[in-house]
Amino acid sequence: MTSLFWRQSIVDRTTHLRRLSLWELVQLFYFPTQQQSNTGVALMQWLNSTDKTAEPLLRFNYQAIYETKDLIGHDQFWPAVYKLILRGELVTLVQLLTQAKARILEHTHDEGLLLLIGVFLKAATDCSLAKANAKDEQAHIPQQTLRSDVSHFIATYPSLSNIGQCILEGMAVLAGDEKVTARLCETPLEGFIAYVYYGSSNATCSEIHALADQWWSSSDSASMESTSLDSTQAVVRGNVQAMLEDQCLGVWGRAHLTDLLVMAGHHGLKEARQTHVLAYCAVLLQHGLWSYAMDYMSTCGEEGKAMMRKTPRQVPISDESTAKALLKYCRRNAMEEENTWIYKTLGLLLKESNALSSALYYFDLAGDAEAVECVFETAIQHYAATDPTLWFTPVDYKTLQTQLEALAHDDDLTGYSLVGAALAKHTAFETTLVRDTFFELFLLVFQRSPLK
């Protein structure tokens, strides 16, 4: 499967990955697993596994940062710190801040800065431990303490250096500050997930939907809107209808996603489900998968049933096995008119291939006396032409032809059984050893006749 995936074009691979990402996000909100105890943590894991545009562990040159003597003065240090916070990479953040504190001790005696970096390191460590124990209800990020610390430092050190301001902003994100998080993130989605991760990680899915509406309504987030995130934003905001418009889902994705959501209790999507399932049925029919298509149609109310009744006439019947399979399905669904049409269609197919006894059998099931008479006449003419003396004299044939003409005006659909009687009377079947198909043809109809 992997090798086939990488043989696809870049556009196809991108579409596939996007579809997979969207599907996993829907599952996170609407079909959570037993292992998903914390939606905020699950959201952060989803973001880091699907959105690689700002991968924190690969984007920055950490080796160069660590090797710099003035570590916190490196131009990539604070962008790396913010990205690690926004992506929940707290273990790496703690390691980086530990090194930063050690370098500050070596090169400065700024007590305010040392105190501030120490508090920042402790906050990052506490958050890291809390997230590591996310399943423990007693474990939580000390947001209130963090907010108090940030307020205290702002009041105590009104003229903080740029480095001090950077530390306070990092702590504000850890404390769940909406405005600071929105300013530091690269995309609204990244910012919102960080905001939930630190500030409301224990929120329910409905609460997260409400927070998302508030987040995307803010001016900061609105100005950062990205069309590539429209569908994921719709899921996070609980707007499934908007998410279904994403073309990456395809007809299969839309049909099955709405089907699952309706089964999960989202009855407001019933109409959308029916629309998308029937669209998927049309695709199945194009690929010859009519039995699967009809199974789906049977779940779509009256519109689906109406489409089912039209389906047999859309199936190319090229052999008897296809017709039998279609007949079996129609019988199971009490589609009597469609049964009759299939009988006639198969009868014509078999007649064209000169399988006259089988053609007669299906015309008889269809109740088509005219077609049965036609098959009889074709058979009689054929055998008379090959060896007339074996079958009947010219006088007998003339009598038989008269019988056939009379049957053409007979309103009784079983009237063709008289042909059998005529043959028995005029061609002396009791004394003539008749062979193969013609005898079977006669016997078949004669046995099925009510005038035995």
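**Aromatic contacts in a helical predicted model**

Arginine 332 lies over the face of tyrosine 329, 4.5 Å from the ring centre; a charge counts as over a ring if NZ of Lys or CZ of Arg is within 6 Å of the ring centre and within 35 degrees of the ring normal. The model is predicted: local features need pLDDT of at least 70 and side-chain atom pairs count only at pLDDT 80 or more, while totals for chains, interfaces and linings use all residues. Residues are numbered from 1 along each chain as its sequence is written, and side-chain values use heavy atoms, with hydrogens and water left out.

**Overall architecture**

- The protein chain has 28 helices and 0 strands, taken as DSSP runs (H or I, at least four residues, for helices; E, at least two, for strands) and numbered from the N terminus.
- Of its 452 residues, 45% count as buried, that is, under 20% relative accessible area with a 1.4 Å probe, protein chains only.
- Among contacts (heavy atoms within 4.5 Å) between residues at least 6 apart in sequence, 60% join residues at least 24 apart.

**Aromatic rings**

- There are 11 aromatic pairs, where rings of Phe, Tyr and Trp (its six-membered ring) pair if their centres lie within 6.5 Å; planes under 30 degrees apart count as stacked, over 60 as edge-to-face and the rest as tilted.
- One of the pairs joins tryptophan 78 and tyrosine 82, and this pair is tilted, at 6.2 Å centre to centre and 35° between the planes.
- Both tryptophan 78 and tyrosine 82 belong to helix H6 (residues 77-86), 4 residues apart, about one turn of the helix, and both are buried.
- One aromatic cluster is formed by Phe192, Tyr195, Trp215 and Trp216.

Definitions and conventions
Buried means under 20% relative accessible area, exposed over 50%, partly exposed in between (1.4 Å probe, protein chains only).
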